[in-house]
Amino acid sequence: MYLHLGQDTVIETESIIAMFDIDACTVSKKTRDFLKQAQNSGEVINVSFELPKSFVICRKNNRNYVYISQLSTKTLSKRSDSFYSNI
């Protein structure tokens, strides 16, 4: 199935590795280093024209991608849960 991350970006839910709150996680130096490395590798896709609230790590075609979204992790989680509750 699919999850809408904002703007015109939709990802497959099966590809999601993790979802993180950007404010809570970027306090850690390791997380900042990870995001910096992903940015330098061209693996960051910013789907937000507003203040980013979350980032989602996905695995697609044997490569990791980091999507930066203006939607909160709570909103993203609700969107994915609402799909699975309707099955």
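**A colleague's note on cysteines, rings and strands**

1. Let's start with the cysteines. The cysteine sulfur closest to that of cysteine 25 belongs to cysteine 58, and at 15 Å it is too far away for a bond. Please keep in mind that this is a predicted model. A disulfide is a covalent bond between the sulfur atoms of two cysteines. The cut-off used here is a sulfur pair within 2.5 Å, and the structure holds zero disulfides.

2. Are these two cysteines buried or exposed? Cysteine 25 is buried, with a relative accessible area of 19%; buried means under 20%. Cysteine 58 is buried too, with a relative accessible area of 1%.

3. Now for the aromatic residues. The structure holds one aromatic pair. Its members are phenylalanine 20 and phenylalanine 55, whose ring centres are 5.1 Å apart; their planes meet at 25°, so the pair is stacked. Phenylalanine 20 belongs to strand S3 (residues 16-21) and phenylalanine 55 to strand S5 (residues 54-60), so the pair ties together parts that lie 35 residues apart in sequence.

4. How accessible are the two phenylalanines of this pair? Phenylalanine 20 is partly exposed, at a relative accessible area of 28%, whereas phenylalanine 55 counts as buried at 2%.

5. Another ring worth a look is that of tyrosine 65. The charged end of lysine 60 sits over this ring, 5.7 Å from its centre.

6. On to the sheet that includes S3 and S5. Four strands make an open sheet in the order S3-S5-S6-S4, and the pairing is mixed. S3 and strand S4 (44-46) are the edge strands; each has a single partner strand, so one side of each has no neighbour in the sheet. On average, and with direction ignored, neighbouring strands of this sheet are turned by 20° against each other.

7. Asparagine 46 stands opposite isoleucine 68 in S6.

8. Finally, the start of the chain. Strand S1 (residues 2-6) pairs with strand S2 (residues 9-12) in the antiparallel sense, over four bridges. Leucine 3 has isoleucine 11 in S2 opposite it. S1 and S2 form a hairpin with two residues between them, and glutamine 7 in the turn has a positive phi of about 50°.

Methods: Residues numbered from 1 in each chain as written. Predicted model: local features only at pLDDT ≥ 70, side-chain atom pairs only at ≥ 80, totals over all residues. Heavy atoms only, no water. Phe/Tyr/Trp six-rings, centres within 6.5 Å; stacked < 30°, edge-to-face > 60°. Buried < 20%, exposed > 50% of the residue type's maximum accessible area, 1.4 Å probe, protein only. Lys NZ or Arg CZ within 6 Å of the ring centre and 35° of its normal. Pairing = 2+ DSSP bridges. Axes fitted to C-alpha atoms, helices over the stretch in contact; angles between N-to-C directions.
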